[in-house]
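This report describes a predicted model.

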There are 2 protein chains.
Amino acid sequence: MATIEQMHAAVHGYVAAFSAGDAEQVVALFAPDATVEDPVGTDVLHGHEAIRAFYIRSMSMGAKLFLDEPIRAVADTAAFAFHVLVEGPGMIMHIDVIDLFTFNEAGKVTSMKAYWGPQNMRQTTPAG
Amino acid sequence: MATIEQMHAAVHGYVAAFSAGDAEQVVALFAPDATVEDPVGTDVLHGHEAIRAFYIRSMSMGAKLFLDEPIRAVADTAAFAFHVLVEGPGMIMHIDVIDLFTFNEAGKVTSMKAYWGPQNMRQTTPAG
C-alpha cells in the first residue's frame with residue numbers, strides 16, 4: 001500500500017505541476033491504466049493519453065491550484081480540498097473543489113475523482 | 001436524482017444533529033440499507049441499527065462538528081470538509097475530516113465515507 005508520505009508527495013506534486021502548466025509531470029503521477037472523472041458524473045477517462053489531453057486542455061487557461069490543507073490520507077486514498085484561480089480580463093474565477101486520489105503499491109495514482117459543481121464557481125475582481 | 005438543495009440540507013442537518021448528540025436525527029438522514037465507512041479502510045457498517053450504534057458511540061464524547069465550507073455537491077454525491085472538536089480536561093482534540101455522502105432519489109444518504117488519519121488529529125489547549 002502507498003505510504004502517507006507517498007500520497008502527500010503526490011498531492012503536492014500534482015498541485016505544483018498543474019499550477020506550472022506541466023502536463024507531463026502531472027501524467028507521470030498516474031499509473032498507466034489510471035482513470036480520471038472530473039467533475040464526477042461526467043465521462044471517465046482511461047489511460048495516460050486521455051489523461052494528458054484532459055490536463056493540457058484544463059491548463060490552457062493558466063489556472064493555478066491552491067491546496068486548502070490538510071490532506072486527509074487514509075488506507076489507499078488521499079482526499080483534499082483546494083481552490084482553483086483562473087485570471088481573465090478584469091476578473092478572477094474561483095472554483096472550490098475536493099479531489100479523491102486512490103493509489104497503487106508503487107505510489108502512483110490509480111483513480112482521480114473531482115467533486116465540484118456550478119455552485120462552487122464564483123467570480124471575484126482582482127485586488128489593486 | 002437528489003437535488004443540490006436536498007444534498008446541502010442533508011449535510012447541514014447532519015452537522016447540526018451530530019453536534020446536538022441526536023443519533024435518531026442522524027439515522028433519519030440515511031436510507032434503511034445505507035452503509036457507513038469511518039474512517040475509510042475500516043469495516044463497512046450496513047443498515048440503520050449498525051449506523052445508530054456507531055453514532056451513539058461516536059457522540060459519547062460530546063464532539064462538535066464544524067463545516068469548512070463550501071459543500072461540493074455534484075451528480076449524486078456531496079463532498080465536504082469539516083473539523084471535529086472534542087473537549088477533554090485541559091485540552092481540545094481537533095480532527096480534520098473529508099466526508100463523501102451519496103444520495104438516492106428521495107434525498108436519503110445511501111453511503112457515507114469518512115477520510116481522516118492519525119496525521120489529521122492534533123491537540124490544542126482551550127483559549128482563556
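A:Ala73 is part of strand 3 of chain A, which covers residues 64-74. Its relative accessibility is 1%, so A:Ala73 counts as buried, the cut-off being under 20%. Leaving aside neighbours within four places in sequence, A:Ala73 has contacts in both chains: A:Ile4, A:Met7, A:His8 and A:Ala78 in chain A, and B:Gly117, B:Gln119 and B:Asn120 in chain B. A:Lys108 is 35 residues away from A:Ala73 along the chain, and the C-alpha atoms of the two are separated by 14 Å.

How are the two chains related?

The largest nonpolar core has 38 residues, and A:Tyr14, A:Phe30 and A:Tyr55 touch the most other members. Elements of chain A that give two or more residues to this core include helix 2 (23-27), strand 1 (30-37) and strand 3. Helix 1 of chain A gives the most, with seven residues. Not counting residues up to four places away in sequence, A:Phe30 touches A:Tyr14, A:Val36, A:His48, A:Ile51, A:Tyr55, A:Lys108, A:Val109 and A:Met112. Another core, of 37 residues, lies apart from the largest one; B:Ala2, B:Tyr14, B:Ala17 and B:Val26 are among its members.

| Pocket | Volume |
|---|---|
| Largest pocket | about 460 Å³ |
| Second largest pocket | about 390 Å³ |

The largest pocket has a lining of 24 residues, and B:Ser58, B:Ala63, B:Val84, B:Ile95 and B:Trp116 lie nearest its centre. At least two lining residues come from each of helix 1 (4-19), helix 3 (47-59), strand 4 (77-88), strand 5 (91-103) and strand 6 (109-115) of chain B. The lining of the largest pocket comprises 18 nonpolar, two polar and four charged residues.

For the second largest pocket, 22 residues form the lining, with A:Phe18, A:Ser58, A:Ala63, A:Val84 and A:Ile95 nearest the centre. Helix 1, helix 3, strand 4, strand 5 and strand 6 of chain A give two or more residues each to the lining of this pocket. By class, the lining of the second largest pocket has 17 nonpolar, two polar and three charged residues.

Definitions and conventions: Residues numbered from 1 in each chain as written. Chains lettered and ligands numbered in written order. Predicted model: local features only at pLDDT ≥ 70, side-chain atom pairs only at ≥ 80, totals over all residues. Heavy atoms only, no water. Helix = DSSP H or I, 4+ residues; strand = E, 2+ residues; numbered from the N terminus. Buried < 20%, exposed > 50% of the residue type's maximum accessible area, 1.4 Å probe, protein only. Contact = heavy atoms within 4.5 Å. Core = buried A, V, L, I, M, F, W, Y, C linked by side-chain atoms within 4.5 Å. 1 Å grid on protein atoms, 1.4 Å probe; cavity = no way out; pocket = protein on both sides within 12 Å on 5 of 7 lines; lining within 4 Å. Points joined across faces, edges and corners; volume = space filled by probe spheres on them. Nonpolar A, V, L, I, M, F, W, Y, C, P; charged D, E, K, R; others polar.
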